[in-house]
Amino acid sequence: KNMIRILGVNIPEEKRIVVALTYIFGIGPTLSEKVLKSAGISFDRRAKELKSDEINKIQEIIEKEYKTEGDLKREVRGNIDRLKQINSYRGSRHAKRMPARGQRTKTNSRTVRGNVRKTAGSGKRKIGLK
């Protein structure tokens with residue numbers, strides 16, 4: 001069966017359209033609602049129930065009004081590169097792959113650093129592993 005594609009993104013068919021649109025990078029819940037309101041489409045419709053002209057309408061609105069996917073990723077990338085270029089503190093944090101917004105790093109920066117656990121867990125041995 002044919003997937004619904006908007007802006008080159010496959011959109012899940014079974015979900016309500018207001019949720020399905022958030023699968024596009026750069027569109028969250030609020031923006032999704034705005035787009036559907038201006039397209040005049042009910043939030044409760046499932047993605048697969050939409051007619052092709054409705055899908056085109058949604059796509060048109062998004063393309064005209066908002067930055068999404070590739071363009072947005074490029075802009076974000078550019079912003080980070082600019083921070084590095086001007087040797088700002090934030091840029092240096094990005095370069096070192098550390099939290100850029102003042103979080104503590106003695107603990108709690110696991111996800112940014114790629115979940116490195118250097119110390120052992122509890123002293124308890126796992127049974128069966130030798």
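Predicted model: local features only at pLDDT ≥ 70, side-chain atom pairs only at ≥ 80, totals over all residues.
Figure 1. Helix H3 has 14 residues, and its first and last C-alpha atoms lie 20 Å apart, close to the 20 Å expected at 1.5 Å a residue. Its buried residues are Glu 54, Ile 55, Ile 58, Ile 61 and Ile 62. These cover an arc of only 125° around the axis, which puts them on the same side of H3. The face turned away from this buried side carries the exposed residues Ser 52, Asp 53, Glu 63 and Lys 64. The packing partners of the buried residues of H3 are S1, H1 and H2.

Figure 2. Just after H2, Gly 40 adopts a positive phi of about 70°.

**Figure 3. The largest nonpolar core.** This core holds 20 residues, of which Ile 6, Ile 17, Leu 21, Ile 24, Ile 58 and Ile 62 touch the most other members. Two or more residues each are given to the core by strand S1 (4-6), strand S2 (9-11), H1, H2 and H3. H3 supplies the largest share, four residues. In soluble globular proteins, nonpolar side chains tend to be buried together.

**Figure 4. The surroundings of Ile 24.** Apart from neighbours within four places in sequence, Ile 24 is in contact with Ile 6, Leu 7, Val 9, Ile 11, Ile 62, Thr 68 and Glu 69. Two of these partners, Ile 6 and Ile 62, are also listed with Ile 24 among the core residues that touch the most other members.

**Figure 5. Ala 20 in helix H1.** Ala 20 has 0% relative accessibility and therefore counts as buried. When residues up to four places away in sequence are not counted, Ala 20 touches Ile 11, Pro 12, Lys 15 and Ala 47. Ala 20 and Ala 47 are 27 residues apart along the chain, and their C-alpha atoms are separated by 6.9 Å.

**Figure 6. Lys 73 over the ring of Phe 25.** Lys 73 lies over the face of Phe 25, at 4.6 Å from the ring centre. The structure holds zero aromatic pairs.

Technical notes:
Residues numbered from 1 in each chain as written. Heavy atoms only, no water. Phe/Tyr/Trp six-rings, centres within 6.5 Å; stacked < 30°, edge-to-face > 60°. Lys NZ or Arg CZ within 6 Å of the ring centre and 35° of its normal. Core = buried A, V, L, I, M, F, W, Y, C linked by side-chain atoms within 4.5 Å. Buried < 20%, exposed > 50% of the residue type's maximum accessible area, 1.4 Å probe, protein only. Contact = heavy atoms within 4.5 Å. Expected span 1.5 Å × (residues − 1). Arc of directions from axis to C-beta.
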